[in-house]
Amino acid sequence: MYPRVIFILICLLFTFIRPDVSLARVYIDIESPELQPLPIAVAQFKDIGESRPNVARTIMDVLTNDLTISGFFEIIPRSEFPQEINALADPPDYSSWLRSRAEVLVMGGYSSKGDRLAIEFRLFDLVEKAFLVGKRYEGSTKSLRSMIHRVANEITYQITGGKGVFDTKIAFVSTISGNKEIYVIDFDGHNLREITKNGSINLSPAWSPDGRLVAFTSYIKRNPDLYLFDLTRSVQIRLSTKPGLNAAAAWSPDGSRMALMMRREGNAEIFIINRDGTHPRRLTKSWSSEASPTWSPNGRKIAFVSDRAGSPQIYTMDVNGRNVKRLTFLGSYNASPSWSPKGNKIAYCGRSNGRFHIFTINPDGTGIRRLTENSGNNEGPTWSPDGRFIAFSSTRGGRSQIYVMNANGANQRRLTSTRGKESSPTWSPRMDR
Amino acid sequence: MVKKSYIVIGVIVSLMVMVGCAKKAVKEEPMVTGKAGEKAWEKPAEERERAGIDEKSLQASLERKKYPGIEGEFLESSLLKDINFGFDRYDLTPKMREILSQNADLLLKNPGVKIQIEGHCDERGTIEYNLALGERRANRTEEYLISLGLSGNRISSISYGEEMPLDPRHNEGAWTKNRRAHFIILSR
């Protein structure tokens with residue numbers, strides 16, 4: 001079911017050696033607020049086996065879409081190519097490419113045999129006149145899209161120094177079938193599929209750090225119990241069933257524990273349980289409501305929501321419950337914190353002029369930044385594993401759907417287009433490891 | 001009949017006043033329990049009679065129900081009235097206490113009935129914070145019913161957050177209806 005399981009990476013064509021010159025070059029500074037996309041030429045992939053023209057088309061579509069939505073690349077149209085790329089073995093005619101805006105070039109080929117498929121690509125620096133990388137991937141024809149996402153990951157790695165997240169997925173809640181079920185969709189908006197099919201109310205999915213489990217809360221047994229969905233075996237396991245809430249689970253970065261909301265003395269508090277649902281430990285003790293825990297990536301701190309000061313605000317505490325500090329002071333409703341993978345930001349949802357927007361704040365309470373503008377309600381932020389993107393739900397187009405944007409708010413795009421109402425996205429870890 | 005209800009209401013009111021006083025020292029709740037009871041006391045005879053519905057009327061009013069996707073059937077009675085909360089509030093106003101004492105009255109006359117209190121929210125705010133808010137609404141309601149003399153082992157509570165709106169529309173009127181504690185009967 002998952003690419004990691006299905007296909008074997010052959011790759012690493014050692015015939016080519018990456019020249020030193022490329023190491024020195026910074027193509028794009030992804031930390032820069034005014035990121036200048038790198039012009040890239042993507043040549044049509046050549047069929048070097050049985051004739052399967054639709055594969056070339058899919059490769060081109062998926063690859064250019066990945067590179068475009070990353071925000072790091074500008075795709076140079078084929079009409080601006082100074083030469084036709086015909087033979088895969090030859091390096092490009094660098095002198096003719098000097099007339100083009102393109103700074104890097106991708107070319108590649110594919111071959112298929114029965115239901116097996118191999119894809120290879122090469123990446124050239126047209127300015128430095130250098131070969132950068134070449135790789136080959138092999139798998140079943142069904143994993144074509146996953147293989148192309150890995151090509152995009154590799155190209156992104158070469159250009160930005162960090163691997164792409166094109167093979168990641170996003171789980172979320174949707175009412176497509178009438179009630180709230182958990183769904184999963186690829187990063188590029190393809191491959192929508194239903195995970196839970198229990199007909200109940202299913203909430204707050206949380207992807208485990210190993211990528212194999214999604215924790216969620218369901219009302220199947222007339223109590224908001226915590227369940228796990230095992231993606232590798234497609235089974236649902238009931239995990240924590242204390243009377244009252246067992247909700248809003250958040251995995252510790254090492255996957256050994258979960259923080260969640262549970263009832264104590266008539267109100268919701270933050271607890272930690274082991275990954276098998278045992279040994280609940282209470283972290284917060286208050287007369288107020290506590291909600292929505294999220295772990296710092298080093299596993300030492302937890303941010304959460306509390307209304308102890310009269311309105312829902314975001315607080316941080318040590319993982320033993322001590323050292324509680326209020327983080328947000330601006331506005332009367334701040335909730336749904338999500339700690340970034342690098343640890344330097346917390347994204348959250350705050351009310352401003354009667355609408356909910358996505359903000360980021362530094363963990364010391366400085367540097368508040370609003371990322372969404374005057375368009376609908378925007379809620380439930382979740383970070384991509386590389387920290388470069390934030391997914392969230394928004395009603396800007398009418399019904400609530402899932403959107404993705406760069407971590408600085410640029411490049412906001414709609415990910416889902418369903419007849420349901422969507423909420424609570426959770427980003428998967430990298431599957432390509 | 002009328003006489004009997006007078007006695008019952010009298011007992012409840014004095015109980016409420018006692019409980020209200022006892023609680024006051026510990027919890028900062030305004031002493032409106034007695035007032036709500038007094039108001040009921042001053043009502044015209046026919047209304048008093050309605051408040052003092054006999055034990056059979058609850059049993060007769062029960063309707064079988066099921067929520068889709070949630071195991072098991074339950075019973076509902078139109079005689080057990082919802083209470084409606086303010087936005088982002090879980091405190092009980094005098095009006096809500098009055099409704100709760102009428103509900104308690106019915107339940108005290110039907111000691112075998114086990115109920116579940118559902119805490120509900122309107123759609124505004126985050127899903128998870130609303131789960132916490134629903135929890136408090138249900139719990140505050142449960143505490144109050146217990147203070148009126150109901151045994152805690154007859155009552156359970158559950159938060160549905162914003163997941164079960166009574167009115168699916170997106171306006172003030174719908175939101176007011178949706179911010180509620182609702183009562184279902186798990187066994188008679």
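1. Start with strand E11 (residues 213-218) of chain A. Six of its six residues are buried, so the strand is largely enclosed by the rest of the structure. Keep in mind that this is a predicted model.

2. Which way do the side chains of E11(A) point? A:Leu213, A:Ala215 and A:Thr217 point one way, and A:Val214, A:Phe216 and A:Ser218 point the other way. All are buried.

3. E11(A) pairs with strand E10 (residues 202-207) of chain A. The two run antiparallel, joined by four bridges. Within this pairing, A:Leu203 has A:Thr217 as its bridge partner. Five residues lie between the strands of this hairpin, and A:Gly211 takes a positive phi near 80°.

4. E11(A) also pairs with strand E12 (residues 225-230) of chain A. Here six bridges join the strands, again antiparallel. A:Thr217 stands opposite A:Leu226. This hairpin has six residues between the strands, and A:Arg222 takes a positive phi near 55°.

5. Now the open sheet. Four strands of chain A form it, in the order E18-E19-E20-E21, with antiparallel pairing. Its edge strands are E18 (290-295) and E21 (325-326), each pairing on one side only. Strand E20 (residues 313-318) and E21(A) pair over two bridges. A:Thr316 stands opposite A:Lys325 there.

6. How far does confidence reach? The mean pLDDT of chain A is 91, and 91% of its residues reach 70 or more. Residues 1-24 are another matter: pLDDT stays under 50 there. The model has 49 contacts beyond four places in sequence for this stretch. Where pLDDT is low, the predicted coordinates should not be read in detail.

Notes. Residues numbered from 1 in each chain as written. Chains lettered and ligands numbered in written order. Heavy atoms only, no water. pLDDT = per-residue confidence, 0-100. Contact = heavy atoms within 4.5 Å. Pairing = 2+ DSSP bridges. Buried < 20%, exposed > 50% of the residue type's maximum accessible area, 1.4 Å probe, protein only.
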